[in-house]
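Hi,

Here is the structure I said I would pass on. Have a look at it first, and my notes follow below.

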Amino acid sequence: MAINKDALPVSYAQPGLTINWGSILSGLVFILALGWLLFTLGSAIGMSIADVHNLHDSDVSSKTAALGTAATVWILATVVATYFLGGFLAGKVSGRTDKSTGLLHGVVLWSCTIIIGIIFSAIGVSGIMNAAAGAAKSVTSTGAQAVSMMAGDHMTAGHKDIGSSQLAA
């Protein structure tokens with residue numbers, strides 16, 4: 001059965017800039033996978049460089065400053081590389097050959113990953129706050145129980161020590 005292209009609505013014709021959400025999803029998966037791989041590699045390198053057995057008091061601050069700087073540079077380089085390669089992949093997989101559509105896919109991918117990162121951060125902060133509130137509640141209830149037990153033991157211990165010989169004196 002032949003399809004009459006003139007009978008299709010204008011929205012199906014797609015003559016201008018269109019977004020292929022499959023390529024956005026593939027770029028997102030690529031960014032997450034490559035990012036975790038490079039962050040894990042950076043952590044392994046950082047842990048192998050940090051030698052905690054031979055640290056002296058005067059040497060600690062310089063080594064921690066150097067490790068902090070190296071970690072910051074590594075994270076920034078990882079983020080830039082993964083976002084660039086993910087956007088490049090999304091543009092190539094989109095099926096269009098013009099540069100403006102590839103750029104559009106890269107920008108949409110960047111925007112989606114930033115929004116997903118903000119959502120994950122909010123969920124993580126919320127989880128951390130809930131865990132901290134639960135821990136504080138547990139500590140306060142345990143402390144209150146300990147105080148009440150100590151107060152109860154002190155009051156009963158005071159009554160046991162008073163004997164008839166002490167009352168007569």
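A word on the ground rules. This is a predicted model, so local features need pLDDT of at least 70 and side-chain atom pairs count only at pLDDT 80 or more, while totals for chains, interfaces and linings use all residues. Residues are numbered from 1 along each chain as its sequence is written, and side-chain values use heavy atoms, with hydrogens and water left out.

Overall picture

The chain has five helices and zero strands, and its elements run α-α-α-α-α from the N terminus on. Helices here are DSSP runs of H or I with at least four residues, strands are runs of E with at least two, and both are numbered from the N terminus. Of the 169 residues in the chain, 14% are buried; buried means under 20% relative accessible area, exposed over 50%, and partly exposed in between, with a 1.4 Å probe and protein chains only. The chain exposes about 12,900 Å², and carbon and sulfur atoms supply 72% of that (areas come from the Shrake-Rupley method with a 1.4 Å probe; for residues, only the protein chains shown count as cover). Among contacts between residues at least 6 apart in sequence, 82% join residues at least 24 apart, where contact means heavy atoms within 4.5 Å.

Inside

Let me start with serine 23, which sits in helix 2 (residues 21-49). Serine 23 counts as buried because its relative accessibility is 1%. Leaving out residues up to four places away in sequence, serine 23 touches Ala90, Val93, Ser94 and His105. A polar atom of the serine 23 side chain lies 3.4 Å from the backbone oxygen of alanine 90.

Alanine 90 also turns up in the largest nonpolar core, whose six residues are Ile24, Leu28, Ile31, Ala90, Val108 and Leu109. Helix 2 and helix 4 (99-161) each give two or more residues to this core, and helix 2 gives the most, with three. By nonpolar core I mean a set of buried Ala, Val, Leu, Ile, Met, Phe, Trp, Tyr and Cys residues joined through side-chain atoms within 4.5 Å. Setting aside its neighbours within four places in sequence, valine 108 is in contact with Ile19, Trp21 and Ile24.

Threonine 78 is another one to click on, this time in helix 3. With 3% relative accessibility, threonine 78 counts as buried, and beyond four places in sequence it touches Gly35, Leu38 and Phe39.

Outside

Which residues make the nonpolar surface patch of about 890 Å²? They are Leu32, Trp36, Phe39, Leu41, Ile45, Ile49, Leu67, Trp74, Ile75 and Val79. Helix 2 and helix 3 (60-93) each supply at least two residues of the patch, and the largest share, six residues, comes from helix 2. Patches are built from residues with over 30% relative accessible area and no salt bridge, joining like charges within 9 Å and nonpolar side chains (Val, Leu, Ile, Met, Phe, Trp, Tyr) within 5 Å. A salt bridge, in turn, is a side-chain nitrogen of Lys or Arg within 4 Å of a carboxyl oxygen of Asp or Glu.

Tryptophan 36, in helix 2, counts as exposed because its relative accessible area is 62%. Leucine 67, in helix 3, is partly exposed at 31%.

Last stop: glycine 95, in the loop between helix 3 and helix 4. Glycine 95 is exposed, at 62% relative accessibility.

Cheers

Key. Polar contact = N/O pair within 3.5 Å; in protein donor to acceptor, adjacent residues only side chain to side chain.
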